[in-house]
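I opened my notebook beside the viewer and wrote down what I looked up, one entry at a time. Follow along with me if you like.

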Amino acid sequence: MGLPLRSEPHVLLVGYPNVRIKVCNCTHATLRQLSSSCLTSLIRQAIAAPQNPPFWQNEALNIQVLDPLTDLSDRIIYDDVREEQLKCVQQLLHCWGEQVRYSWLRLIKIIGVIRESYKIDLIQTSFKCFKLIVTDYLSTLPSDCYLACVETAASFGHQKQDLNIALSAIGSLLHLADFFVEQKNIPLVVSDSINSSIDLKELWICVFYKLADLCLDRRPAIRKSACQTLFNTIECHSEQFDEDTWSNLLWKVSLYVYRCLFYRIKSLLGVIFSHLAFYFRKHLDES
């Protein structure tokens, strides 16, 4: 039996999920673009439709309607599909950003999907969405979104498509660190990526660790900016640190940087010595 002609948008979204993804993932570009456009249009209609309780207060309905949106980046790699997905996310943030309640973590994770194959305009669009969340909605986010924000900012810092975005992402990490300092009593937050709880001090260490990792980036501008941001952040907020925080800074952050530098220098010296050995052997053979 087919779907009724006047089905509610969320009913249409729930039906035939495998078929829906297959069509959005097909190799025929026109069909793929049309299907992804129709899917995101249904999502917007389902959110805007009058409901009681309202859409953003209905967690179960959030899952039903937004699962297909998540699938567009989790299971499909085409740029045109990603473009439709990001357009939809942008509209959700601009139209309903003040009302989003249960789905912040989902939206942040969608935005944070970055692939080397993505065109630069996709990276720019997704970063605009992320900046909007961090600048306008950070104080309203559930605490379990904080770690996802840190990880997403670091991902934008590591992407190679746009250097300016990578530099701006380092600024976002600084903004997050400042925000965490202002939160005197952040409750334990659950991170589903590591299936454990973290507190305010561990959020700080996570920011510092991500900055330290960017200090080792191959791009000089990123290394310089990350190092300056890391040391400036520690200097500005050092009065807030207790003994455990300083210990973690030493053992988890500083030694991580030194260890990575040691192995890179060791590898570089190995290359240099191998070239020197080749040169001397060649010189001796000729003489």
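Here are my entries, starting with the whole chain and moving on to single residues.

**Entry 1: the whole chain**

I noted before anything else that this is a predicted model. I then looked up the secondary structure, and the protein chain has 12 helices and 2 strands. Reading along the sequence, I wrote the pattern down as α-α-α-α-α-α-α-α-α-β-β-α-α-α. I also looked up burial: of the 287 residues in the protein chain, 43% are buried. For contacts between residues at least 6 apart in sequence, I found that 70% join residues at least 24 apart.

**Entry 2: helix α3**

I checked the span of helix α3, residues 29-48. Its 20 residues, at 1.5 Å each, should span 28 Å, and the end C-alpha atoms are 29 Å apart, so the two values agree. Next I asked myself which residues of α3 are buried. My list reads Arg-32, Ser-35, Ser-36, Leu-39, Thr-40, Ile-43, Ala-46 and Ile-47. Looking down the axis of α3, I saw that these buried residues fall within an arc of 125°, so they line one face of the helix. Thr-30 and Leu-34, on the other side of α3, are exposed.

I stayed with Arg-32 for one more note. Arg-32 lies over the face of Tyr-78, at 3.8 Å from the ring centre.

**Entry 3: Ser-103**

I looked for Ser-103 and found it in the loop between α5 (79-96) and α6 (104-111). Is Ser-103 buried or exposed? Its relative accessible area is 3%, and the cut-off for buried is under 20%, so Ser-103 counts as buried. I then looked up its partners. The side chains of Ser-103 and Asn-62 are joined by a polar contact of 2.7 Å. Setting aside neighbours within four places in sequence, I listed Trp-56, Asn-62 and Leu-66 as the residues in contact with Ser-103.

**Entry 4: Ala-177**

Ala-177 sits in helix α9, residues 163-182. I wrote down a relative accessibility of 1%, so Ala-177 counts as buried. Which residues does Ala-177 touch, not counting those up to four places away in sequence? They are Trp-204, Val-207 and Thr-233. I also looked at Ala-177 and His-237, which are 60 residues apart along the chain, and their C-alpha atoms are separated by 9.0 Å.

**Entry 5: aromatic pairs**

I searched the whole structure for aromatic pairs and got 8. For Phe-127 and Phe-130, the ring centres are 6.3 Å apart and the planes are at 40°, so I labelled the pair tilted. Both belong to helix α7 (residues 120-137), and because Phe-127 and Phe-130 are 3 residues apart there, about one helical turn separates them. I marked Phe-127 as buried, at 6% relative accessibility, and Phe-130 as buried too, at 1%.

My next pair was Tyr-146 with Phe-180, also tilted, with 5.6 Å centre to centre and 55° between the planes. This pair links distant parts of the chain: Tyr-146 is in helix α8 (residues 146-158) and Phe-180 is in helix α9, 34 residues apart. Tyr-146 is buried at 6% relative accessibility, and Phe-180 is buried at 0%.

Methods
Residues are numbered from 1 along each chain as its sequence is written. This is a predicted model: local features need pLDDT of at least 70, side-chain atom pairs count only at pLDDT 80 or more; totals for chains, interfaces and linings use all residues. Side-chain values use heavy atoms; hydrogens and water are left out. Helices (H or I, at least four residues) and strands (E, at least two) are DSSP runs, numbered from the N terminus. Buried means under 20% relative accessible area, exposed over 50%, partly exposed in between (1.4 Å probe, protein chains only). A polar contact is a pair of N or O atoms within 3.5 Å; within protein, one must be able to donate a hydrogen and the other to accept it, and residues adjacent in sequence count only if both atoms are side-chain atoms. Contact means heavy atoms within 4.5 Å. The expected span of a helix is 1.5 Å times one less than its number of residues. The arc is that of the directions from the helix axis to the C-beta atoms. Rings of Phe, Tyr and Trp (its six-membered ring) pair if their centres lie within 6.5 Å; planes under 30 degrees apart count as stacked, over 60 as edge-to-face and the rest as tilted. A charge sits over a ring if NZ of Lys or CZ of Arg is within 6 Å of the ring centre and within 35 degrees of the ring normal.
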